[in-house]
2 protein chains.
Amino acid sequence: MKFQLRIEVSLKPGHSDPEGETTAHLLNELGYKIERVNVSKVYSGILETESLKEAQMKAEEMCKRLLANPTKDNYAIMIEEEK
Amino acid sequence: MKFQLRIEVSLKPGHSDPEGETTAHLLNELGYKIERVNVSKVYSGILETESLKEAQMKAEEMCKRLLANPTKDNYAIMIEEEK
């Protein structure tokens, strides 16, 4: 079975986000009143497994082993069967 | 008025995504059957404007002026009033 996977990795609250800070600074300089800018990353792809349950387990594993840093990152997983 | 802004910037189809390719390669090496990995970025923040309409206009402008490259990026904007 094939699944459309979407994993969003974002910083845990309290961790500094230099890219977000720079973006906020540049947007303020351009005249926008914006604050608390955070940048997160979304990984999307097609995952092949035997079942939805296996896909969920593999996605969790992928986050823990490669995509997210458990010390500083949160992650959110979305899975949909690929038609 | 304050608005919670969420802007997702992703590559247009057909543009090469080296970070996605490397991620797919590493995940394959770890034993996951995953393909077509793409990486996109989400900017979130609190934007202050006079109205929802102005917030939408400013968010579009921010994408065009700073956050997205019109040659290679698509962007999606989500706006919600901040309570």
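First, the ground rules. This is a predicted model, where local features need pLDDT of at least 70, side-chain atom pairs count only at pLDDT 80 or more, and totals for chains, interfaces and linings use all residues; side-chain values use heavy atoms, with hydrogens and water left out. Residues are numbered from 1 along each chain as its sequence is written, while chains are lettered from A and ligands numbered from 1 in the order in which they are written.

Start at B:Ser40. Find it in strand β2 of chain B, residues 34-48. Strands here are DSSP runs of E, at least two residues; helices are runs of H or I, at least four; both are numbered from the N terminus.

Is B:Ser40 buried or exposed? Its relative accessibility is 8%, so B:Ser40 counts as buried. The cut-offs: buried is under 20% relative accessible area, exposed is over 50%, and partly exposed lies in between, with a 1.4 Å probe and protein chains only.

Which side chain does the side chain of B:Ser40 meet in a polar contact? That of B:Glu8, at 2.8 Å. A polar contact is a pair of N or O atoms within 3.5 Å; within protein, one must be able to donate a hydrogen and the other to accept it, and residues adjacent in sequence count only if both atoms are side-chain atoms.

Now look around B:Ser40. Set aside its neighbours within four places in sequence. B:Ser40 is then in contact with A:Ser40, A:Lys41 and A:Val42 on chain A, and with B:Glu8, B:Val9 and B:Ser10 on chain B. Contact means heavy atoms within 4.5 Å.

Stay with B:Glu8 for a moment. B:Glu8 also forms a salt bridge with A:Arg6, and the closest N and O atoms are 2.9 Å apart. A salt bridge puts a side-chain nitrogen of Lys or Arg within 4 Å of a carboxyl oxygen of Asp or Glu.

Next, the side of chain B that touches chain A. Residues there come from β1 (2-11), α1 (18-29), β2 and α2 (52-67) of chain B, each supplying at least two. The largest share comes from β2(B), with 15 residues. By kind, this side has 15 nonpolar, five polar and 13 charged residues. Nonpolar covers Ala, Val, Leu, Ile, Met, Phe, Trp, Tyr, Cys and Pro; charged covers Asp, Glu, Lys and Arg; the others, Gly among them, are polar.

Now both sides together. The contact takes 33 residues from chain B and 33 residues from chain A. The area buried between them is about 3000 Å², and carbon and sulfur atoms give 55% of it. Buried area is the accessible area (1.4 Å probe) that two parts lose on being put together, summed over both. Between the chains there are 18 residue pairs in polar contact, both at pLDDT 80 or more.

On to strand pairing. How many bridges join β2 of chain A to β2(B)? There are 11, and the strands run antiparallel. Two strands pair if DSSP finds at least two bridges between them. Along this pairing, A:Tyr43 stands opposite B:Val39, and A:Ile46 stands opposite B:Glu35. Within chain A, eight bridges join β1 (residues 2-11) to β2(A), also antiparallel. There, A:Val9 stands opposite A:Lys41.

Back to charge. The structure holds 14 salt bridges over all chains. Between chain B and chain A the count is six.

Take B:Lys2 and A:Glu35. Their side chains meet in a salt bridge at 3.2 Å, N to O. The pair crosses from strand β1 of chain B to strand β2 of chain A. B:Lys2 is partly exposed at 36%, and A:Glu35 is partly exposed at 35%.

Next, B:Glu19 and A:Lys41. The closest N and O atoms of this salt bridge are 2.5 Å apart. This pair crosses from helix α1 of chain B to strand β2 of chain A. B:Glu19 is partly exposed at 35%; A:Lys41 is partly exposed at 26%.

Last stop: the backbone. A:Arg36 has a phi near 50°, a positive value in a residue other than glycine. A:Arg36 lies in strand β2 of chain A and counts as exposed at 56%. Turn to chain B. Phi of B:Arg36 is near 50°. B:Arg36 lies in strand β2 of chain B and is exposed at 57%.
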